[in-house]
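Keep the sequence and the coordinates open while reading.

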Amino acid sequence: MEWCAGTVLFRAPETPDVSCTVTSYDDVKKRADRMMRRRAKLVVGTHVIEFNGTLHGLRQWARTAGLLRGRRSRAVEEALAKLRNHVAHPSGHHVETPVGAARTVRDLAELINQLWGQATPDGRLYPTPLRREIAVLSWNSSGRTRMEPAGALTTPDSLKDQDDEYQHLVVRAIPFIPGSRWNDGHWAEFDTHYETTQFPTEYLWGPGTRAEARTWLEHERPEGDSADFTDRVFLVQGGVPLGKLCLLVPHQVVYTCSTILSCSRT
């Protein structure tokens, strides 16, 4: 009711839009039932959706209005709706473990938070953006790789600088935290042209030597930021061998791309 500010708009075929004043959700439901008989659809921003006033219609409205997000979360929302219907219209009983019951309650709490515009810290469905820090990715000719915080390069080390067999890249990435569920297990696969990491990793400088990386860091002094990894947009490049589908970085324009997908890696 707060979102529509007391007015809902319906659009029927070949007729002017109908604006309806409502003071309660009962009014919304009555208007929706009446408009459905006229094959009218609810106007939500720049979109129109079929709306019957039930839980399914409300979920579709929340998605269209941008209150709910995350491709993976759609399946959980569907499961929660079915669970609600099972409880409201039972045909038997169901036994759940304490762990499963607690997770369902947590998922429901996240759903409520998101509907009210608040992401959930460390959430499973609608998490807050992840903190990214400045890091250095390094590799040598034998294929060994390592990642270290940029602060490890701020102090000159003549021995490492002279015997440095590695090439170095400076990136903005999710930091490694022991035991964290948000650690990126694919950081070593980072590619400046393609999305190959689990979470967004941004190229900043390189490749170059350790001394050159330190000089760039001291001069530019890049800072960390926060990155939202749900509903990311990718360009999918066609014309590649089966099994080698490439997800291009969002800002890269490639004219051989055939499809634009919106997906999340949660």
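What volume does the largest cavity have? The answer is about 60 Å³. The model is a predicted one, and the values given here are computed from it. The structure holds one cavity of 30 Å³ or more.

The open space comes next. The largest pocket contains about 900 Å³ of space. Its lining consists of 34 residues, and those closest to the pocket centre are Leu-58, Trp-61, Ala-62, Leu-67 and Leu-115. Several elements give two or more residues each to this lining: the strands β1 (7-11) and β3 (41-44), and the helices α1 (25-37), α2 (55-64), α3 (73-88) and α4 (98-115). Of these, α4 gives the most, with seven residues. Sorted by class, the pocket lining has 28 nonpolar residues, two polar and four charged.

Three of the helices that line the pocket, α2, α3 and α4, can also be followed through their packing. Start with α3 and α4. Their axes are 11 Å apart and the helices pack at an angle of about 110°. Angles from 65 to 115 degrees count as roughly perpendicular, so α3 is roughly perpendicular to α4. The crossing of this pair is left-handed. On the α3 side the residues that meet the partner are Val-76, Glu-77, Leu-80 and Leu-83, and on the α4 side they are Thr-104, Asp-107, Leu-108 and Leu-111. The contact of α3 with α4 divides into five nonpolar residues, one polar and two charged.

Now take α2 and α3. The axes of this pair come within 11 Å and cross at roughly 155°. Because angles over 145 degrees count as roughly antiparallel, α2 is roughly antiparallel to α3. Here the crossing is right-handed. From α2, the contact uses Leu-55, Arg-59 and Arg-63; from α3, it uses Ser-73, Arg-74, Glu-77, Glu-78, Ala-81, Arg-84 and Asn-85. By class, the contact of α2 with α3 has two nonpolar residues, two polar and six charged. Glu-77 of α3 is listed in the contact with α4 and also in the contact with α2.

Two backbone details remain. Most residues other than glycine have a negative phi, and most peptide bonds are trans. Pro-207 is found in strand β8, which covers residues 202-208. The other detail concerns phi. Glu-14, a residue other than glycine, has a positive phi near 60°. Glu-14 lies in the loop between β1 and β2 (18-21), and β1 is also among the elements that line the largest pocket.

How values were computed
Residues are numbered from 1 along each chain as its sequence is written. This is a predicted model: local features need pLDDT of at least 70, side-chain atom pairs count only at pLDDT 80 or more; totals for chains, interfaces and linings use all residues. Side-chain values use heavy atoms; hydrogens and water are left out. On a 1 Å grid over the protein atoms alone, a cavity is a set of points where a 1.4 Å probe fits but cannot get out, and a pocket is an open set with protein on both sides within 12 Å along at least five of seven lines; lining residues have an atom within 4 Å of a point. Grid points are joined across faces, edges and corners, and a volume is the space filled by probe spheres set on the points. Helices (H or I, at least four residues) and strands (E, at least two) are DSSP runs, numbered from the N terminus. Ala, Val, Leu, Ile, Met, Phe, Trp, Tyr, Cys and Pro count as nonpolar, Asp, Glu, Lys and Arg as charged, and the others, Gly among them, as polar. Axes are lines fitted to C-alpha atoms, for helices over the stretch in contact, and angles run from 0 to 180 degrees between N-to-C directions. Angles under 35 degrees count as roughly parallel, over 145 as roughly antiparallel, 65 to 115 as roughly perpendicular and the rest as oblique. A crossing is left-handed if the near helix is turned anticlockwise from the far one by less than a right angle, and right-handed if clockwise. Contact means heavy atoms within 4.5 Å.
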